Amino acid sequence: MLKCRTVWKKLAPLARTSSTLCRQNVRKAGLNNGRIPTHVPTAHMSSGLPGGGGDNLKYALLVGAASIGGVAYAYHTMKGDQQRYQARITELSSRSQKAAAKESLPSHAPYLLLGGGTASFAAARSIRARDPGAKVLIVTDEPDLPYMRPPLSKELWFSDDPSVTETLRFKQWNGKERSIYFQPPSFYINPEELDSVENGGVAVLTGKKVVHMDVRGNKVKLDDDTEISYDKCLIATGGVPRNLQVIERAGEEVMKRTTLFRKIEDFRSLDKVSRNVKSITIIGGGFLGSELACALGRRSTESDLEVIQMFPEKGNMGKVLPEYLSNWTTEKVKKEGVKVLSEALVKSVTYKDDKLEIHLKDGRLVKTDHIVTAVGLEPNVDLAKSGGLEVDSDFGGYRVNAELQARSNIWVAGDAACFYDIRLGRRRVEHHDHAVVSGRLAGENMTGANKPYWHQSMFWSDLGPDVGYEAIGIVDSSLPTVGVFAKATAKDTPKAATEESGTGIRSESETEDTATSAVASVTPAPVVENKDDYGKGVIFYLRDKVVVGIILWNVFNRMPVARKIIKDGEEHADLNEVAKLFNIHED
């Protein structure tokens, strides 16, 4: 009875509202024909709330419950009510917190930049340079402040700092240390201060995704239903890594052992994987795939890690380099400790006996622990529909004019922009320097500059500290090419180039330069079509006898010369003479 009294004390708040339940329990127990007893022994009554026959009601519930286990039922009902009550309170509290967060965020940004990558940061810096009091808000769905992506597949992998995945600081080839972030947190102002700050500034709203764009209303909606209006807007949402359909269809076990490499978290995840598995296979023979293969290959020499790279082309970067140079590069990658499988088309991927099995269409079978898919980028055009923006059917990305405008007060820069190059026609470029250049130009035009995109952006790739190249324009191996090579010296490496220039991100230093004239070397420069060693050289890509692309192979700090050649757009009777402008035969 003491136990019953305790239960009733707990049930007291529910007594008045549970009469129906009580009667049902009593009826089921067969007591008093389902009627609540009117006379009960006083000694058996517990003290309860006065009024409304509370004691009798509780006693009837006790009798019925004792007969059919209703005490447990009622107790759990009460407990469930308490849990629902707490859940409701939590929900209301969450709503209150979200509402408070919305109130603290700026409802308006004169300059709203969507995306937190290189293009957005370059635009913000450009806007502030032309309009010192400008208020700029960057919205990014990543948890990080703006950072550069190239070191994720290059220098960070060569760091000897065991905590590099946390510090994200790395040594450039020239030995100088820097952070992957463009600026420290102190550079930015808090988003809630954007409205009130007197001299303007740049604020970054992290972990927020823009899901809707109202072009007529000049506002966007975030994934938490927050709305932010703007005067000028830049879309620099970049892209998402592509995956192979055969992997997407392969099931959860395969997908969770596959990395799509793009962000800081991908670097951290793959670094951890590389230290805990015995075999990693990289699918893709382009820039990213080859860089990661070399980086992981270097690491494999220090451990038992097997690194495999496979791609459908005949050699590394086969879509970019002429065949002879692609073959040479493949041998270079092999020397870095990578097992290379060329002309490899993936038919299916399965998970069996704790291993991933990659079945190739020619019958080859590769067993591995982890897959890195590096097969290109899909431009992020999620806002095209709601914003009424045109997506280019040939190149992808938001279609913009030469001033990078998509609409009267909307610009696009970086990977997501399909722009009109006044020299080379409609293009879309996925490289760091293009993000810098297009972001900077968009920022200038957002402040009224009205400049066309005339500056040819470049890109670069390093296969470790000893082999690297810089390129500009349209570099497509399907185009006719002419290569001019010379013997390399100790100065002709990415490491030596950065030591000389003092910077590790080469494009950031060279994009401000222009070429007005060049002194040609007097040494004869034979045109090379095939030989065993390509120390350094220049490869010209031709379209209708005009140079539309140039690769500088282990030739550095000559990009302004290459840019001028493409800008001039002239036919050249003898490219051997043009190659002399790069002084590749100097010791």
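Within strand β15, L356 is the bridge partner of Y351. The structure is a predicted model, in which local features require pLDDT of at least 70 and side-chain atom pairs count only at pLDDT 80 or more, whereas totals for chains, interfaces and linings use all residues. Residues are numbered from 1 along each chain as its sequence is written, and side-chain values use heavy atoms, with hydrogens and water left out.

Strand β15 (residues 355–360) is joined to β14 by six bridges, and the two run antiparallel. Two strands are taken to pair if DSSP finds at least two bridges between them. Helices (H or I, at least four residues) and strands (E, at least two) are DSSP runs, numbered from the N terminus. An open sheet of three strands, in the order β14-β15-β16, is formed with antiparallel pairing. Its edges are β14 (346–352) and β16 (365–368), each of which pairs on one side only. From one strand to the next, the twist averages 20°. Axes are lines fitted to C-alpha atoms, for helices over the stretch in contact, and angles run from 0 to 180 degrees between N-to-C directions.

A helix pair was also examined. Helix α5 (residues 118–130) packs against helix α13 (residues 432–446) at an angle of about 35°, the axes being 7 Å apart. The crossing of α5 and α13 is right-handed; a crossing is given this term if the near helix is turned clockwise from the far one by less than a right angle, and is left-handed if anticlockwise. Contact means heavy atoms within 4.5 Å. On the α5 side the contact includes T118, A119, A122 and R130, and among the residues they meet in α13 are H432, G439, R440 and M446. By class, seven nonpolar, five polar and three charged residues make up the contact of α5 with α13. Ala, Val, Leu, Ile, Met, Phe, Trp, Tyr, Cys and Pro count as nonpolar, Asp, Glu, Lys and Arg as charged, and the others, Gly among them, as polar.

Buried means under 20% relative accessible area, exposed over 50%, and partly exposed in between (1.4 Å probe, protein chains only). Of the 587 residues in the chain, 51% are buried. C233 is buried, with a relative accessible area of 0%, and C294 is buried at 1%. The count of disulfides (pairs of cysteine sulfur atoms within 2.5 Å) comes to zero. K272, found in helix α9 (residues 264–274), counts as exposed because its relative accessibility is 59%.
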